[in-house]
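Subject: Two-chain model for your files

Dear colleague,

Please keep it open while you read.

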Amino acid sequence: MSILVIQILNSLFYASVLFLIAAGLSLIFGVMRIVNMAHGTLYAVGAYVTAWLMGKAIALGVPLGWLFLLLPVGAGVVALAGFVIEPLLLRPFYRRAEEYQLLVTFGLLLILEDVIRFLWGGMPITADTLQDVVPIMHIGGLVYPGYNLVVIGIGALAAIGLWAGIYRTKFGVMLRATSQDRRMASALGINVGLVYMSAFAIGCFMAGLGGAIIVPSQAAVLGMGVDALILAFVVVVIGGLGSLQGALVGALIVSFVRTAGIQFFPEIELAVLYLIAAIVLLIKPTGLFGNA
Amino acid sequence: MDKPNTVDRRKFLSALGVTVGGVGVAGASLIAPQVVKAATEPAKGKIPDTPYKTGHMTFLTGPAAVLGDPSLKGHIMAAEEINAQGGLLGKRKIETITADEAAGTDANVKELRRMKLEGKIDLFTGVISSGNTPALGPVAEELSLLTMFVDGCTDFLFDVAVPNPKYTFRLTNIQSADGITAAIGAAQAWPQTRKIAHLHPDYSYGRNASEHFTLAIERLLPGTQVVSESWPKLGTTDFTSHITKILSSEPDLLFTSVWGGDYVAWYKQALRYGLFDKMKVATTLAFGVAPHALGKDHPEGVLAGVHSNYHFTYPGGDRWPINKSFVQRYFKRWNEYPNFQSEGSYVTLHMLKAAIERANKLMGGWPDDEMIIGQLEGMGFDTPSGYLYIRPDNHQGYKDAVTGFSKNNPEYPFPTWDQNRIITIPIRNITAPANWPKPGKGHNESTAAANWIKTTWPKSVG
């Protein structure tokens, strides 16, 4: 029984991070119609920056509880990067065909991967001190790291915050208007350039936050971004690219199915996610919540 | 097949030549070699002073750069040392061009051709991935290019892809030895083990480790059963569900071949789930990737494998001066400790140098590749990790397998081996002998080693 509870918590934990990454990817596509290949690597940048800052802060003797403040800081750094990347790299390509946008974001992926290696080297960077700030919980005869519950909480808050931001604020209305008809929005006096830049930065913030909250539990390692990108694609294929609910439901499906695969069918752990994605593509090519 | 014989487990382990401890019988095979003469004899005959070009292919980008980086550093250091003495035979300076192995197997094969045809390399070396050596080996043979692979340790290379190598050599140990070494270490340390869980990256290395570990443990500790398996993708960093599953199967022992950043992420999570309190853990590569990648929080008493190959603390102290001096020079040059790739690529160039010098002594002048190959075949060489022997039939380097148990040592900021519990196994006792049939020749096992174990190893009792 306690195993079941812990596996459910494990799935929610994994879903939280997946949702943060996939929601950013979906938001950027929904508003800007760009499939950002570098999105996973921005998640990795969030992880590396946070781990690096945490190492510095611990060396300076900052009280451990304050380290939590570094999570939004790490995400904020990635958002700032988004503010720079959008006008400089992406804006010149909006009028070009999609393959140019794919190429330019893929190029960005390669550049960022090398920047990470150049700045932080090949060794994994850990930040697990923060994990030990939160007490370990006892479930049945087993232990469960309390920090994972914090991650689940942050994932839930981010989902609510994003939903409220998009459906309950004026900025959200502008965002949705721009995503539906860019020229009409522009004619109505919306600063489309600013909306694009903000949307991209919010997407980056989500990815960075995903990296920041996962790094105390795991480690910042080379290649984590590409791995995350592939999983995020599976999520949005299942949920529907451009849909927030899709990202949420997709992340939950992927996490629970993955956990079930690990627990019951270890031999097909790799295949099972792609299998679901393939089935969804066959039955509903736009994804569960996507519209063509 | 007949029912295998049975034998007492202790006798079995001792028949395998397993020794435990920093000193003792293991030391017997490590007789400190004579100090290299300071002034080497001048080369015989006329030696050209054109550079000797080497192509070093390794992972320069991507996650596997954690292994590629030390490989290149070992190569560069050896080249610098040889060049400081004037070069090969005192005349030919070693020049290196590099290639990024992360380009993928097809691109790597093209790059090998380009390096030979355009770059005019004399030696091809490096290579880490087991997926690449079987593709590169046949091309090197076709190009008649002297090739000394450092790693890419799959049995498949010399079992199947290049069964009769002429130009191709490989220096580090054989993949199947990893699983067998871990099994012997676990059986020796924890003979009461009955229930075993497996956690391996889902690609050839993990499959090979799992298969050979199981083959060996079934004979060393009959009656054990596999209670849990997990096959995460290579590059996985979330292991929470795997760990919970392993805990749910309540094993006595977990055997894992997860490595690199994956291993770091795994052990950090396993610590918080209390995994190490509930079972023993045996690994093939915990200490293999980089000594300094792990933290002091890494639990003690884990069987911490190094690819059955090399950890810079063994042979330790003054017992084997070659290692002490290599580690000191490497640390001075790179400000970090070497791993098995550093040692492998360092040894590669020095072994080449020795082969060229011997050939020159015999014939005079610059030796052609055939003469160098003739010297490399059957060569025994004192390396930092111990005595390395190149078997003439398959051009594979053989040296005694080694593994140990993690322990925190105040001397280093990361865990190292418990010097009193290092396990060494003569490599001939865990690898198929020279004339053993290769896969497809009378049997269909995945490796010659697997067939050899199934056919010849007894089952132990007690």
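The notes below go from the contact between the chains to the inside of each chain.

This is a predicted model, in which local features need pLDDT of at least 70 and side-chain atom pairs count only at pLDDT 80 or more, while totals for chains, interfaces and linings use all residues. Residues are numbered from 1 along each chain as its sequence is written, and chains are lettered from A and ligands numbered from 1 in the order in which they are written.

Between the chains, 35 residues of chain A are in contact with 34 residues of chain B, where contact means that the C-beta atoms, placed from the backbone, lie within 7 Å. On the chain A side, the elements that contribute two or more residues are α1 (2–32), α4 (98–120), β2 (142–145), α10 (224–239), α11 and α12 (269–283); helices (H or I, at least four residues) and strands (E, at least two) are DSSP runs, numbered from the N terminus. The largest share of that side, six residues, comes from α1(A). By class, this side of chain A divides into 17 nonpolar, ten polar and eight charged residues, with Ala, Val, Leu, Ile, Met, Phe, Trp, Tyr, Cys and Pro counted as nonpolar, Asp, Glu, Lys and Arg as charged, and the others, Gly among them, as polar.

One helix pair spans the two chains: α11 (residues 244–264) of chain A and α9 (residues 240–248) of chain B pack at an angle of about 35 degrees, with their axes 9 Å apart. Axes here are lines fitted to C-alpha atoms, for helices over the stretch in contact, and angles run from 0 to 180 degrees between N-to-C directions. In this pair, Arg258(A), Thr259(A), Ile262(A) and Gln263(A) meet Ser241(B), His242(B) and Lys245(B), giving one nonpolar, four polar and two charged residues.

Within chain A, helix α6 (residues 146–167) and helix α7 (residues 170–180) pack at about 75 degrees with their axes 5 Å apart, and are therefore roughly perpendicular to each other (65 to 115 degrees; under 35 counts as roughly parallel, over 145 as roughly antiparallel and the rest as oblique). Gly165(A), Ile166(A) and Tyr167(A) of α6(A) make this contact with Phe171(A), Gly172(A), Leu175(A) and Arg176(A) of α7(A).

Chain B is divided into domain 1 (6–16 + 176–308 + 401–461) and domain 2 (52–173 + 321–398), with bounds that come from an automatic or database domain assignment. The centres of these domains of chain B, taken over C-alpha atoms, are separated by 28 Å, and their contact takes 25 residues from domain 1 and 20 residues from domain 2. The domain 1 side of this contact has twelve nonpolar, twelve polar and one charged residues.

Chain B also holds an open sheet of five strands in the order β4-β3-β5-β6-β7, with parallel pairing, where two strands pair if DSSP finds at least two bridges between them. The edge strands are β4 (94–100) and β7 (168–170) of chain B, each pairing on one side only. Strand β3 (residues 52–58) of chain B is joined to β4(B) by seven bridges, and the two run parallel; in β4(B), Asp100(B) is the bridge partner of Thr58(B).

With best wishes

Key:
Contact = placed C-beta atoms within 7 Å.
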